[in-house]
Amino acid sequence: MKKQRCSEKINLFDLLSEEIVFIILDCLNTNPFDKKSFSLVCKSFYITESKHRKKLKPLRQEHLPAVLIRYSNTTHLDLSLYPRINDHSLFAISKITSFTLQSIDLSRSWGFSSSGLLSLTLSCKNLKEIDISNAVSLKDAGAAALAEAKNLEKLWMGRCKMVTDMGVGCIAVGCKNLKLISLKWCLGVGDLGVGLIAVKCKEIRSLDLSYLPITNKCLPSILKLQHLEDLILEGCFGIDDCSLAALKHRCKSLKALDMSSCQNISHLGLSSLTSSIGGLQQLTLAHGSPVTLSIANGLKKLSMLQSIKLDGSVVTRAGLKAIGDWCVSLKELSLSKCDGVTDEGLSYVATKHRDLRKLDITCCRKISDVSITHVTSSCTGLTSLRMESCTLVPREAFVLIGQRCRFLEELDLTDNEIDDEGLKSISRCSKLSVLKLGICLNITGEGLAHVGMCCSKLKELDLYRCVGITDSGILTIACGCPDLEMINIAYLKDITDSSLLSLSKCSRLNTFESRGCPLITSLGLAAIAVGCKQLIKLDIKWCHNINDVGMLPLAHFSQNLRQINLSYTSVTDVGLLSLASISCLQNMTILHLKGLSLNGLAAALLACGGITKVKLQAAFKQLLPQPLIDHLQARGCVFQWRNKVFQAELDPKSWKLLLEDTVP
C-alpha cells in the first residue's frame, strides 16, 4: 500500500527532460493563451515557460523591467505596441538583456534619443536586427549610436528623414556585417551615403533605396555588390536612361528588382539595366512608363524571370504579347489597374504561360469571358486569382474557375456578376483559404452554403454589401469552416444574432466586421466575445441595437482586442469605461454616440492606459480640458478629429448605383 501511495504522488512531468517540455511548448502556437495557461498550472511550469519563451511583445512600458527579468532568455523584443518609449526603458533593456538580445523592433515608438540607442548597442553585443522605422526625429547622432552594433545584420530606417549621408556613413563604417538595410524615405541621404554602404558593407543582400534623391553616381558601386539579391529603387526620380546606359558592371546575384514609379526610365534604360542582371527572377515596374513592345523586348535577356508586376501602368496589346513570348518561366503576373489590358493580350499570355501560379487582373474593365476561358483552360495550376471589378465578365464565366482551377487558395471576386451557380462551382476549390465576394449582389445563402460545406480550410471571407446573404448562409460557413479567422458581413441588413451565435463557434476568429447590420444586438456580440477570445479587430459601426450590455462581456472575455469602432451605436459612458479593462486596446473610433457625456469620455480615455489612437468628433476638441489632451498625447496617444455630421446610412444597392454614376 505504501508503494502504491508513493507512485500516485509522482508527477509524470518531472520525468521529462526540459528539452522535451520545450518541444511540447513549441506546439502551442495556435492560441496565444495556451502558453499562459500552461505557466499557471504550477510553479515548475511557470519557470519552464519563462525559460522557453524567446520572443516578447509587451503591452505596457511600466511593466517592461519585470517582464524582462522573468523572461531572461529573450532574444527578440518587439516594442511596436509602445507608442512612446524613453531612454530609461532602453537603459533597462540594455542592462537586463545584454547577453541574450538579438533583435529589437522600435518601428512604432518615439521618445528615445541617441543616448538610449547608444546604451543599447554598446551593451547588447549580440544584437543583429534593429528596426527604427518612423523615427522622424532621429538625427546623425542616433545613426552614429547604431554604428556601435558591430554584429548588426539587418537595419530598417524607413522615414528617418533627418539622417544625412554623415550618419549613414557612420553605419557603413561600423556595421560591416550588414546584410539588409532599408533607407526608404530617408530624404537626407544621397549618393555619398548610399555609395559608402555599397563600398563598406560587402555582405549586403537586400537594399531599399525607395524615394531617395540618388542619381547614377552610386549605381556602379551598388551593382558591384557580389551578394546583392533584392534591390528596391521605387520612386528614385534621379535615375534616368542616361544613368542606366552608363552601367558597365554586371550583378549576377540580383534576383528581385523594384523600379516602381521611376517615371524617367524608358525602354532604353531598362534594356541597359537588364543587360547587367541576367539572373533576375522578380521585376516590378508599377506606375511607370507605358509597357510597349520596346519595353517588353527589354526583358528578352531575363530568361529566369518568374514574376512581373506592372500595377497601375498603361499596357499595350503588343507589349503584353511580347511578355508572353519572352518570359518563358513566368509564375506570377500582376496587371492590377492597368489600362489597356484586353482579351486578346491577356488570352495570349495565358496560353503561353501554362505554369502561371498567381494572376492579378484587378480593375481590368475591358476583359470579358473570353479572357477567363483562356486563363482557366491554360493556367489550371493557379493558386491565386484576383479579379476585383472585372465588370464585363458575365456570371457564366465564373463557373469555369471552379471547374478548371482546383488548386486555388486565394480568390478575389469583389464587385463582380458571380451568382449562386458560380459559387457552387468555386466550392470545388477545396484548398481555398481566402475568398472575397464584396459587392457581389447576385449571390445568396444557397450559393454560400456550398462554400461552407466544401471549403473547410477557409480562413478569410469578405461578404461586404452582399445583400442577398442571410443567417442560413452564415450558419453553413460557421459549421463548415472552423478555422475562420476573418469575416466581413458589413451592411448585410438581414443578418441577426443567429449568425453571431453560430460564428461564436469559430474560436480562431480575430477580425469581425459587422457595421451597418441593424438587426444584431448585444446578445449576439456577447456570444462573439465569449466564443472568440482571440478577437483583435471589431467594427460594429451603425449597429444601433448594441449597447452597454454588449460591452461588458467584451471587456471581460476579449482581452486580446486592439481595435474597435463604436460609431453610431447605443453605447454610453458605462460601456465605454468598461472597455478600459482591456489592456491590449489601442485604437478606438467613437463618432456620434448619443449616450456619451464629456465626463464619461474623459474618464474612459484616462483609464485606457494603452490607447494610441482615438478618432473623435471635432466638437470634443474644444470641450475636453487641454491638460487632459496634453497628458494623453505625452503618453503616446494620437487624436484624429472629424467634422462629420450625423448622416443616415445608405442602402447597399443604391450605394452601388451611385458609384456607377460617378465612375466614367
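Visitor: Let's start with cysteines. How many disulfides does the structure hold?
Guide: This is a predicted model, and the structure holds 0 disulfides.

Visitor: What about Cys 160, how far away is the nearest cysteine sulfur?
Guide: The nearest cysteine sulfur to Cys 160 belongs to Cys 186 and is 5.1 Å away. Cys 160 is in no disulfide, because a disulfide needs the two sulfur atoms within 2.5 Å.

Visitor: Is Cys 160 buried or exposed?
Guide: Cys 160 is buried. Its relative accessible area is 0%.

Visitor: And Cys 262, which cysteine has the nearest sulfur?
Guide: That is Cys 236, with its sulfur 5.7 Å away. Cys 262 is in no disulfide either. Cys 262 counts as buried, at 4% relative accessibility.

Visitor: Back to the start of that stretch. What is phi of Arg 159 near?
Guide: Phi of Arg 159 is near 65°. That is a positive value in a residue other than glycine.

Visitor: Where is Arg 159?
Guide: Arg 159 sits in the loop between β5 (154-156) and α9 (165-174). Arg 159 counts as partly exposed, with 35% relative accessibility.

Visitor: What is phi of Tyr 491 near?
Guide: Phi of Tyr 491 is near 65°, a positive value in a residue other than glycine. Tyr 491 is in the loop between β18 (486-488) and α22 (497-503).

Visitor: Is Tyr 491 buried or exposed?
Guide: Tyr 491 counts as buried, at 7% relative accessibility. The C-alpha atoms of Tyr 491 and Arg 465 are separated by 5.1 Å. Those two residues are 26 residues apart along the chain.

Visitor: New topic: the core. Which residues of the largest nonpolar core touch the most other members?
Guide: Ile 93 and Leu 437 do. This core has 185 residues. Helix α26 (residues 598-607) gives the largest share of this core, 4 residues.

Visitor: Where does Thr 48 lie, and what does it touch?
Guide: Thr 48 is in helix α4 (residues 43-52). Not counting residues up to four places away in sequence, Thr 48 touches Val 21, Phe 22 and Leu 25. Thr 48 counts as buried, at 13% relative accessibility.

Visitor: Now helices. At what angle do α20 and α21 pack?
Guide: Helix α20 (residues 445-454) and helix α21 (residues 471-480) pack at an angle of about 5°. Their axes are 8 Å apart. The angle is under 35 degrees, so α20 is roughly parallel to α21.

Visitor: Which residues make the contact?
Guide: From α20 come Gly 445, Leu 448, Ala 449, Val 451 and Gly 452. From α21 come Gly 473, Ile 474, Thr 476, Ile 477 and Gly 480.

Visitor: How many are nonpolar, polar or charged?
Guide: The contact of α20 with α21 has 5 nonpolar residues, 5 polar and no charged.

Key
Residues are numbered from 1 along each chain as its sequence is written. This is a predicted model: local features need pLDDT of at least 70, side-chain atom pairs count only at pLDDT 80 or more; totals for chains, interfaces and linings use all residues. Side-chain values use heavy atoms; hydrogens and water are left out. A nonpolar core is a set of buried Ala, Val, Leu, Ile, Met, Phe, Trp, Tyr and Cys residues joined through side-chain atoms within 4.5 Å. Buried means under 20% relative accessible area, exposed over 50%, partly exposed in between (1.4 Å probe, protein chains only). Helices (H or I, at least four residues) and strands (E, at least two) are DSSP runs, numbered from the N terminus. Axes are lines fitted to C-alpha atoms, for helices over the stretch in contact, and angles run from 0 to 180 degrees between N-to-C directions. Angles under 35 degrees count as roughly parallel, over 145 as roughly antiparallel, 65 to 115 as roughly perpendicular and the rest as oblique. Contact means heavy atoms within 4.5 Å. Ala, Val, Leu, Ile, Met, Phe, Trp, Tyr, Cys and Pro count as nonpolar, Asp, Glu, Lys and Arg as charged, and the others, Gly among them, as polar.
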